[in-house]
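Please read the following report alongside the sequence and the 3D structure shown below.

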Amino acid sequence: MTLWPRYLRSGSAIFSTVLLTIVFLTTIIGPFFAPASSLDFIGAPFQGPNAHAWLGTDVLGRDVLSRILQGGYRILGLAAAATALGVLAGILLGMAAGYIKGAVDEIIMRLLDVVLAFPQIILALLFVSIIGPVPWLIVLIVAGFHAPQVARVARAATLRVVEEDYVRFAETIGMPRLRILVQEIFPNIMTPLIVEAGLRFTYSIALIAGLNFLGLGTQPPIPDWGLMINENRIGMATNPWPVVVPVLLIALLTIGTNLLADAIGRAAFGLDRGSRETQPASSDETATVQA
Amino acid sequence: MRRVDQNPLARLLVQRILLGLLSLLLVSIVVFAATQLLPGDAARAVVGRGAAQDRLDALRHQLHLDLPVVTQYWLWLRDFLTGDAGTSLVNGKPVIESVGARISNSFTLLILVVATGIPLAITLGIVAAVRRDRRVDTSLSVIALALAAIPEFVIGIGLIVLFATVVLHWLPPVSMVRPGASVFARPLMLILPVLTLIIAVFPYTFRMIRASMIDVLDSEYVEMATLKGLTRRRIVLLHALPNAIAPTIQAIALTCGYLAGGCVVVEYVFGFPGIGQGLVSAVIARDIPYIQCVVVLLAAFYVVVNLLADLVAILVTPKLRRAT
């Protein structure tokens, strides 16, 4: 693959890979190294760091280090599930719209425009308030926000690829349309979709961590970085660590995934940093900026 | 390009406006339908579990709960459009009273963020474009990329750690103001929420301005001006800068749209008595009429400013103007 040399030459790619490795190791093998149970009370609330609890105790007197080590994998799992679901749905819709064209294209894309016209966090709050803070609901909501944007990227890439000779050839020899989509088109639109999936993963983490912080995601007493920040901020003056460390970990995680997606994008097709969207987009701005 | 004489521009604009209206209608339907998913009904929630049946029936009648769902929706929408958003399940007062006071606080926040954050992002965007690929540009671009990724509440808490609690003690960490009181009573407490939102909206506007300025600076007429021997300063200020007006209007509209959602988390972080914090409290208390009112208002605001951004984009982008 010609992608790797270019990728490895970029400083931000190496930097983000190192960042992500640190955070992923903390979340994935961290739970096995937790010195105490994340639920046991080991002392008075908001004690500073000491020999028994390296990062002190939290609002209820639980070990901060153990809760941090055990509070990351859940959000990574939910974010990965939401991203995978949203990207998959987006690819299916986008490829269908771009390949079948005509009325199907028009209907799919207009419906997705309407979904994009909703402010995400507010709708998330509405549904969570009605149905309750259950994980599957949060995964579905976040995936639902991703699908339209991914569909746009998949559709644009499909429209470029269907004009290629090999697709024409496959059609001429009578290959079934489904097989053309899977064997001829999908492999050739992978690169922009990988970059998009990286960006989507970053938003998934941000959105889910935000809901957890608001107390509308993961429920106590389960350890979670977003929730820990909120639980422990009243004691920041006494023991800042249960707030500072999760804040740093979430920041490093999101910066890492975003820089990585950007680095892959630039290595793959020399994407300029300025022309890449990274915020919730309105219906026309993607077209505007990429025009 | 088929029927240029039929004015494709007008058609595109009308199509956008209709799409916006459709979105508004769908927002209202989704908000109304969501509350239908609740177990039990609003009357039961108001009178409590052990209430007498006749009282329950009377209240159901009063709240139109004995009518078909479609009729209920219509009555709800009609009341809402005439300024009656129902009564709060928490304090029994009309929702619109509490929401009104909070809206003006949130609006203050929005004005301050737009008035300070947008000029900052535009200036730095132009600087980065002019010094393209130099150190200033690459550092600003990487900073923007990193800031774009961090969730707002992490930025907000980070600022509280730095300036209000752990490291320095310059600013108040939370906004101690009763809902309804003016936020200008303690102007210091505005600083951190405004700063958080500026950092949150900066990357987006910065990149938009940088990208459009780079396009302009690469254009033939700028090259022409350079060949004519005009100074760089003159070219940037007189030839290139006017092209930043359209993206600026778009950036303002999209920033407002972003703030419709961004205000929720950031106001909650700082206990700022705005509409977003009101929404979070209502969600925690499951105060359905209050949630309905705020969600519809914020969603409508979001739809309208995005529509404006789209219209500006269509009007100023020749490619889009000719498309369809």
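## Backbone features in the loops of chain A

A:Lys101 is found in the loop between helix 5 (73-100) and helix 6 of chain A, where helices (H or I, at least four residues) are DSSP runs numbered from the N terminus. Phi of A:Lys101 is near 60 degrees, a positive value in a residue other than glycine. Because A:Lys101 has 14 C-beta neighbours inside 10 Å, it counts as partly exposed (a residue is buried if 20 or more other C-beta atoms lie within 10 Å of its own, exposed if 12 or fewer, and partly exposed in between, with C-beta atoms placed from the backbone). The model is a predicted one, in which local features need pLDDT of at least 70 and side-chain atom pairs count only at pLDDT 80 or more, whereas totals for chains, interfaces and linings use all residues. Residues are numbered from 1 along each chain as its sequence is written, while chains are lettered from A and ligands numbered from 1 in the order in which they are written.

A positive phi, of about 55 degrees, also belongs to A:Phe46, although A:Phe46 is not a glycine. A:Phe46 lies in the loop between helix 3 (30-33) and helix 4 (64-70) of chain A, and it counts as buried because it has 22 C-beta neighbours inside 10 Å.

## Packing of helices 6 and 8 in chain A

Helix 6 (residues 102-116) and helix 8 (residues 135-161) of chain A pack at an angle of about 135 degrees, with their axes 9 Å apart; axes are lines fitted to C-alpha atoms, for helices over the stretch in contact, and angles run from 0 to 180 degrees between N-to-C directions. Helix 6 and helix 8 of chain A are therefore oblique to each other (angles under 35 degrees count as roughly parallel, over 145 as roughly antiparallel, 65 to 115 as roughly perpendicular and the rest as oblique).

The contact is made by A:Leu112, A:Val115 and A:Leu116 of helix 6 and by A:Gly144, A:Pro148 and A:Ala151 of helix 8 of chain A, two residues being in contact if their C-beta atoms, placed from the backbone, lie within 7 Å. By class, this contact has 5 nonpolar, 1 polar and no charged residues (Ala, Val, Leu, Ile, Met, Phe, Trp, Tyr, Cys and Pro count as nonpolar, Asp, Glu, Lys and Arg as charged, and the others, Gly among them, as polar).

## Contact between chains A and B

The contact takes 58 residues from chain B and 54 residues from chain A. On the side of chain B that touches chain A, helix 13 of chain B gives the most, with 10 residues, and the residues of that side divide into 44 nonpolar, 9 polar and 5 charged.

B:Ile150, found in the loop between helix 6 and helix 7 of chain B, counts as buried because it has 23 C-beta neighbours inside 10 Å. Leaving aside its neighbours within four places in sequence, B:Ile150 is in contact with A:Ala251, A:Thr254, A:Ile255 and B:Ile155.

## Domains of chain B

The domain assignment, from an automatic or database source, gives domain 1 (2-81) and domain 2 (95-323) of chain B. Their contact takes 15 residues from domain 1 and 13 residues from domain 2 of chain B. Helix 1 of chain B gives the most to the side of domain 1 that touches domain 2, with 13 residues.

Definitions and conventions. Helix = DSSP H or I, 4+ residues; strand = E, 2+ residues; numbered from the N terminus.
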